[in-house]
Amino acid sequence: MASVTVGPFWCVSVNPAIDKRVRVPELSAGRVNRVREVRSESGGKAAHVAMALRALDADPLWIGFAGGSTGEQLLYGLRALAIRVRPVMLESETRTNL
């Protein structure tokens, strides 16, 4: 079986995010619902594609906008997964999704 060489993967993100997920034991309409757990992770379509490629042992390069403390969190999360990053740094905060 011949080996296949795959070129570089560039994952370009113009609208990345921090994805926040909250867990509540029970959701009750009209009542106080207390959060049990909060998780924040790097997100956005290009980040998710880079994560999937990395899980398949590819070496993607994530290129995108990042700003403020949420931008730093985004980059930290990608780097922690051994994803190479080339950020375009902004003054405004990277968005957060809940």
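Predicted model: local features only at pLDDT ≥ 70, side-chain atom pairs only at ≥ 80, totals over all residues.
The protein chain has 2 helices and 6 strands. If you walk along the sequence, the pattern goes β-β-β-α-β-α-β-β. Now, the radius of gyration comes out at 17 Å, well over the 13 Å that the globule rule gives for 98 residues, so the chain is more spread out than a compact globule. Along its principal axes, the C-alpha trace spans about 60 × 40 × 20 Å. And 31% of the 98 residues count as buried. If you take the contacts with a separation of 6 or more, 57% of them come from residues 24 or more positions apart.

Let's go to the sheets. One of them is open, with 3 strands in the order β1-β4-β5 and parallel pairing. Zoom in on β4, residues 61–67: 7 bridges join it to β5, and the two run parallel. As an example, F65 has V88 in β5 as its bridge partner.

Then there's another open sheet, also built from 3 strands, in the order β3-β2-β6, and here the pairing is mixed. Its edge strands are β3 and β6, the latter being 95–97, and each pairs on one side only. Neighbouring strands here are turned by 25° against each other on average, ignoring direction. Strand β2, residues 17–23, is joined to β6 by 3 bridges, and those two run parallel. Within that, D19 stands opposite N97 in β6.

Now the helices. Helix α1, residues 45–55, lies across β1 and β4, and runs at about 160° to β1. Helix α2, residues 68–80, lies across β4 and β5, at about 160° to β4. But α2 also lies across β2, β3 and β6, running at about 80° to β3. So where do you find α2? Across strands of the β1-β4-β5 sheet, and across strands of the β3-β2-β6 sheet as well.

Next up, the inside. The largest nonpolar core has 14 residues, and the ones with the most contacts inside it are C11, W62, L74, L75, L78, I83 and V85. Which elements give two or more residues to this core? That would be α1, β4 and α2, with α1 giving the most, 4 residues. Look at C11 for a moment: leaving aside neighbours within four places in sequence, C11 is in contact with A46, V49, A50, L53, P60, L61, W62 and I63.

Last stop, S42, which sits in strand β3, residues 37–43. Is S42 buried or exposed? Buried, with a relative accessible area of 7%. A polar atom of the S42 side chain lies 2.8 Å from the backbone oxygen of L74. Not counting residues up to four places away in sequence, S42 touches a whole list of residues, including A17, I18 and D19, plus H48 and M51, and also Q73, L74, G77 and L78. And L74, you'll remember, is one of the residues with the most contacts inside the core.

Note on methods. Residues numbered from 1 in each chain as written. Heavy atoms only, no water. Pairing = 2+ DSSP bridges. Contact = heavy atoms within 4.5 Å. Axes fitted to C-alpha atoms, helices over the stretch in contact; angles between N-to-C directions. Buried < 20%, exposed > 50% of the residue type's maximum accessible area, 1.4 Å probe, protein only. Polar contact = N/O pair within 3.5 Å; in protein donor to acceptor, adjacent residues only side chain to side chain. Core = buried A, V, L, I, M, F, W, Y, C linked by side-chain atoms within 4.5 Å. Rg over C-alpha atoms; globule rule 2.2 N^0.38 Å.
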